[in-house]
Structure formats: C-alpha cells, structure tokens
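Grab a pencil and work through the exercises below. Each one has a task and then a solution in steps.

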Amino acid sequence: MRCDTIWQNARLCSLAAHMPGLGIVEDGVIAADDGRIVFAGAATDAPAFEATRTIDCGGRWITPGLIDCHTHLVHGGNRAGEFEMKLAGARYEDIARAGGGIRATMRATRASSEADLVASALPRLDALIAEGATTIEIKSGYGLSPESEARMLRAARTLGRERPVTIRTTFLGAHAVPPEFDGDADGYTDLVCDRMLPAVAAAGLADTVDGFCEGIAFSPAQIERVFTRARELGLPVKLHAEQLSNLGGAALAARHGALSADHLEHLDADGIAAMRRAGTVAVLLPGAFYFLREKQVPPVEQLRAAGVPIAIATDCNPGTSPLTSLLLTMNMAATLFRLTVEECLAAVTRNAALALGLGHEAGTLEAGRWCDLAIWDVESPAELVYRMGFNPLHARIWRGK
C-alpha cells in the first residue's frame, strides 16, 4: 500500500472511542496519505506500506492535534485596565453595566480594520499552534453591527489561510446589546435575526451560531428567536449558558440540538438531562472561572454520571480569560474542576471535535480522520496535564504536513 508518510517507533494516545482509556498503543505506527490517516495502530498490525517518507519518533508519544473549541481570538484592544479594577474588587457585572466589559472591546474592534484584526490575532493564534493546536474555533461578537461582525468573521477566515490550522468560525452577534440599542434588546435581536444572520449565512462566513444567555446579555426568549432563525438558515448552534446564573439556557440549547453548551457553572439536573438526550457537549472554561475568581464549580460529577461528553477550551478573550495555552487549560481543569488526566486529554481532542461538529474528521488517531498530530517529548501522557508553563511539543503535524 502506498502512502505519503509513516511515523513509526511511537507510543500512541489514539483517544479512539472504541478503545479503553486513552486508547494507548505501544510501538505504534501512523500512516497518512493526502492529509488523511490511513492506519493508526500497533506496528505488528500494520500492512506493508511503500512510503515517500518514514519518520522515526524515537519512542515519543503522539496524540491527536489539540483542539480549542471555544475562543474569542479576534478582537481589538485589550482590557488590562479592567483587570486592575477587578483586583480592586469590582465585579464583572459592575464593569459591564458601567460601559466596560464587552462594550469596551466593541469600541476597539469597531475601530480596527480587517488587517488590524488579523495582525493582532496572529500572535495569539501562534501561541496556540506552538503548543500543538491544529483546530481552533473563533467567534465574532465584539462588533455588534452588521459590518463589524462580518469583518471579524472575515478576519477569522483569513487566519486559516495565513497559518496551517483548521479554523471554525462562529457568529456571536447575540453577545451583548450595543449602545445604539440601549433599552431595546428586542430591537437588536430583530437586527440579528432579520439582517445579520441571513447576511452571514449567504456569505458563508460562519460554521455555527452562538449566543450569551444571561441577565446582563440576552433572555431565553431572545436566544430562542436567534436559534430558530439560525436553524432555518441551516446553521448549527451552541450557547454561553449558566455562567453567572441559571436561566435554563443549556436546556434551551439542547432543544435546538446544540453542538455544545459552554461555561455551565450554574447548570442544574434538568439541563444535564436535556444535554444528555440531545448529545450536547459540555464545554468547561476553567480560564474564565480562574480569572473571575468564581466559586461555583460546574457539576462535573453529575455530568460524568449522565454520560455527557466534557470538553475544555481556553475561552481566549480580552476580558475574562486572556489565555492562549491549552496545556495550562488542562492543568486548570484538573486542579480547579478535578478532571482526570484521561478526561483532560479527551476534552481537548475527541470531545472538543464533537463540540465543533467534527467528530468524524478530527480528535482521534483513526483511519479516515485528518492527519493532525502532536508529538511530545514526555515520559507519560500525564505530564501534559501535570506541568505548568512548560511546552514539551516536539513536532506538530497538520493535514499530514
């Protein structure tokens, strides 16, 4: 059998769902052709290959390329000043109601050209890539007008052309109510549903649609309207839900077949049951939990018991999680939320792929998946979760290259 490349003398964490635990394969081999894995398994089971290139991994560990399934990577400016305010005791809600928070980033984003947005996002993207990320979701949501939201999404698409990485874009027009609609959240929701969503869909700028269901953002009824319109346009949905309070957003998202519900600190039993029935992934965001000094931990044990897949992500954003490290995110998830090593690694590979609707394309080392690999200089997979501020990446492979 002919193939482009073989990686041999490796130890694999395949993360394949049909295998126990991490799907570990000792003395493993991966063969790829035309950007896809054609074999991943034990050397003793590998067919005879005629490869253009053979790479000896020297016994190193290979995992699927890491997946950051929730980021706000594209934005203007930063909010270091607000960080100082938080250290002095101001609450996130207080800052948002005073015109800071999302609106502050909105002003900086509206003032940025598409080229500016790309240039400012590239260092953040490069930091994730340098730690083995091969697929990254990027949301809009800081423009809050038809023109600026489209500009953010175009910038995100451009990032995928500037770097060897898979970018999935998410339209998050229902992130906050802009100042021109003060006191008229319903009117802004009309704009999102009647103009912004159809335009984004027609231009092919978004892979999914998101919203922020919270007292300082949008009500369940308003999110229901956004999701109904998104589904009419053929776009799958996901939701920022139950971060600061419980408005039943996770159950609402599940009713619309959401790929994921994210944050979930205040998730209740009804929301968990709805997510389980719908196959909605729980995306936990320990960076925001840490940065906001939250106390309410997501119901991890109940999610486990219900069999709801758990993903984790950086939530990279300028206000509540200026984090560009999936390795540190795994350590935070283990220390703050008590996820196991196995859960952390699955959360940034297999389950993160599910949260992006890419379960059959990425996130595991299996034939037919994209050949997205991270090769590590570690003695055991636990080191990827255990270490802080240390990057043991030896090589990163995207689409076989």
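**Exercise 1: the largest pocket**

The largest pocket holds about 340 Å³ of space. Find out which residues lie closest to its centre.

*Solution.* Start with the lining: 20 residues line this pocket, and Ala96, Arg103, Ala176, Val177 and Ile216 are the closest to its centre. A pocket here is an open set of points on a 1 Å grid over the protein atoms alone, where a 1.4 Å probe fits, with protein on both sides within 12 Å along at least five of seven lines; lining residues have an atom within 4 Å of a point. The volume is the space filled by probe spheres set on the points, which are joined across faces, edges and corners.

Before going on: this is a predicted model, where local features need pLDDT of at least 70, side-chain atom pairs count only at pLDDT 80 or more, and totals for chains, interfaces and linings use all residues. Residues are numbered from 1 along each chain as its sequence is written, and side-chain values use heavy atoms, leaving out hydrogens and water.

**Exercise 2: the second largest cavity**

Work out which residues line the second largest cavity.

*Solution.* First, a search of the whole structure finds 2 cavities of 30 Å³ or more; in a cavity, the probe fits but cannot get out. Next, the second largest cavity has about 30 Å³ of space. Finally, read off its lining: Pro64, Gly65, Ala362, Gly363, Thr364, Trp370 and Asp372.

**Exercise 3: contacts of Leu339**

List what Leu339 touches beyond its neighbours within four places in sequence.

*Solution.* Look for contacts (heavy atoms within 4.5 Å). You get Leu284, Val300, Arg304, Ile310, Ile312, Ala333, Ala334 and Cys344.
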